[in-house]
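Subject: Structure handover

Hello,

Here is the structure for your files. My notes on what was found follow below it.

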Amino acid sequence: MTAPNPFQDPLRFRRRVPPCAIVIFGANGDLTKRKLIPALYRLAYDRRIPPGFFVVGNSRTAMSDDQFREKMRESLPKFLEDTPFDETLWNDFARNLSYVAGDLNDAACYARIGEKIANSENTLFYLSTQPSHYETVIEQIGAAGLAKGKGNGWRRIVVEKPFGHDLATARQLNAKLHEVFEEDKVYRIDHYLGKETVQNVMAFRFGNGIFEPLWNRRYINHVQITAAESIGVEGRGSYYQEAGALRDMIQNHLLQVMSTIAMEPPAVFEPDVVRDERAKVLRSIRRIKREEVPDYSVAGQYGPARIGTEEVPGFRQEPGVSPDSQTDTYSAVTVFVDNWRWADVPFYIRSGKRLPKRVTDIAIQFNAAPHSPFSTNGEEPLPTVRPNLLILRIQPEEGISLRFLSKQPGEGMQLRPVSMDFNYGTSFGARSPSAYETLLVDVMIGDATLYTRQDMVEASWAAVQPILDYRPEHKADFPNYAAGTWGPKASDEMLAKRGHVWRVP
């Protein structure tokens with residue numbers, strides 16, 4: 001593996017990754033070719049993968065080792081993004097890929113996988129299957145005796161979201177996992193937590209002395225977290241119909257992001273200490289009563305529209321979707337964290353498909369100045385408009401922006417908002433590792449800081465469970481927003497009740 005590396009950053013990649021095997025269940029699916037193999041190839045490009053590393057793919061599809069390698073080879077250049085494809089490096093990398101065909105219910109399949117990893121001291125199992133297969137795979141791993149490491153080695157398991165369908169099924173899955181793996185061997189992956197900007201929230205807050213004193217109810221008016229997608233379900237209608245925006249995005253990704261924003265300063269930057277603080281936030285979320293659900297949440301579903309020159313179908317016209325589906329493609333919630341730091345500060349969280357643009361950001365609006373000494377014409381006081389705003393951009397351009405008021409050049413004291421901007425790409429001159437690169441390295445070295453723990457998962461489900469219980473009993477009048485708009489009118493009304501408006505990213 002001798003490819004040149006123009007992006008090498010020895011300070012970023014200073015952690016030593018031990019030799020290990022990665023067994024990917026569901027290796028014939030999109031996640032493997034779009035995210036996992038490109039991330040592993042990039043780590044090989046950065047010389048982060050040791051010589052003893054190898055991958056064992058599994059799915060029902062019959063393939064030889066060479067056919068599996070060729071399939072990964074065909075898709076890899078499409079998903080490498082900012083990394084060049086190097087044929088020599090690929091040939092070295094591909095020799096470490098192998099494949100075992102077999103049904104997930106067949107004990108013989110696990111016996112063959114066991115033969116492949118028999119000489120591996122460390123093994124990572126990655127559940128990239130349909131969630132309905134998780135319990136089967138966990139049971140079979142345990143029955144085949146694969147959960148015990150060789151010698152002093154380790155066996156760990158990565159579980160992709162969704163982690164359960166509600167609070168009850170999340171608890172059931174946790175119980176099944178603990179029959180085979182101890183909690184410290186279980187890594188529940190949330191790729192949002194691996195994004196550089198989300199990680200930088202902690203550096204921003206706890207590495208700088210000027211922000212933490214302001215990070216509380218006395219100075220912050222409210223927080224908005226937006227995760228918007230401009231695309232629809234993209235052929236995944238049958239899957240998405242069983243999930244929806246509340247389950248698919250808010251319960252896991254965005255509540256975890258919120259907990260990072262709202263957490264108390266950890267005493268030390270260690271996995272359990274950091275996760276303890278995030279868990280405290282999730283447990284402090286105000287539990288709403290069933291009759292309060294309409295005041296605290298809004299569900300939406302996009303309808304057909306013309307966007308530019310394109311006729312866009314509504315969700316109910318998408319392939320695999322029921323014509324009377326009640327699935328939410330947009331969801332917005334108001335969350336209160338009942339502790340001393342955040343009492344009565346609303347956190348507005350929204351996520352939706354077929355919105356005007358693809359963007360994920362966090363907008364922290366500070367309280368307005370209590371009094372403005374400036375005037376517009378020498379008589380009337382200048383109203384305080386557009387209060388200070390701190391924006392943490394997660395995607396597509398990772399960075400931070402701080403908005404404040406400044407005097408315009410010329411006569412008089414005319415104020416206008418200006419911004420100070422920080423952008424990862426221009427500031428550091430180096431690529432940011434993908435979330436999966438970061439998280440795969442973390443699990444291989446045993447760093448669980450960016451992974452969600454059992455109590456965190458269950459606390460986030462408990463926060464949205466009243467909404468999940470309410471919605472099936474109250475049929476919505478869908479569709480209630482046109483594709484290409486910012487969601488249903490009821491979402492704006494939810495904020496207006498508290499004197500706020502959604503910010504347009």
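Contact here means heavy atoms within 4.5 Å. Helices (H or I, at least four residues) and strands (E, at least two) are DSSP runs, numbered from the N terminus. The model is predicted, so to speak of local features pLDDT of at least 70 is needed and side-chain atom pairs count only at pLDDT 80 or more, while totals for chains, interfaces and linings use all residues. Residues are numbered from 1 along each chain as its sequence is written, and side-chain values use heavy atoms, with hydrogens and water left out.

Helix pair

In H9, the residues Leu255, Gln256, Met258, Ser259, Thr260 and Ala262 meet Arg278, Val281 and Leu282 of H10. By class, that contact consists of five nonpolar, three polar and one charged residue. Ala, Val, Leu, Ile, Met, Phe, Trp, Tyr, Cys and Pro count as nonpolar, Asp, Glu, Lys and Arg as charged, and the others, Gly among them, as polar. The axes of H9 and H10 (residues 271-283) lie 8 Å apart, at an angle of about 110°. Axes are lines fitted to C-alpha atoms, for helices over the stretch in contact, and angles run from 0 to 180 degrees between N-to-C directions. H9 and H10 are therefore roughly perpendicular (65 to 115 degrees; under 35 is roughly parallel, over 145 roughly antiparallel, the rest oblique).

Gln241

Gln241 sits in the loop between helix H8 (237-240) and helix H9 (245-262). Its side chain reaches the backbone nitrogen of Ser322 at 2.6 Å. Beyond neighbours within four places in sequence, Gln241 is in contact with residues including Phe315, Gly320 and Thr327.

Sheet

Six strands form an open sheet in the order S3-S2-S1-S4-S5-S6, with parallel pairing; two strands pair if DSSP finds at least two bridges between them. Strand S3 (97-101) and strand S6 (186-188) are the edges, each pairing on one side only. From one strand to the next, the twist averages 20°.

Strand S1 (residues 21-25) pairs in parallel with strand S2 (residues 54-59) over five bridges. Val23 stands opposite Val56 in S2, and Phe25 opposite Asn58. Five bridges also join S1 to strand S4 (residues 123-127), again in parallel, and Thr123 in S4 is the bridge partner of Ala21.

Five of the five residues of S1 are buried (under 20% relative accessible area with a 1.4 Å probe, protein chains only; exposed is over 50%, partly exposed in between). Ala21, Val23 and Phe25 point one way from S1, and Ile22 and Ile24 the other way.

Regards

Key
A polar contact is a pair of N or O atoms within 3.5 Å; within protein, one must be able to donate a hydrogen and the other to accept it, and residues adjacent in sequence count only if both atoms are side-chain atoms.
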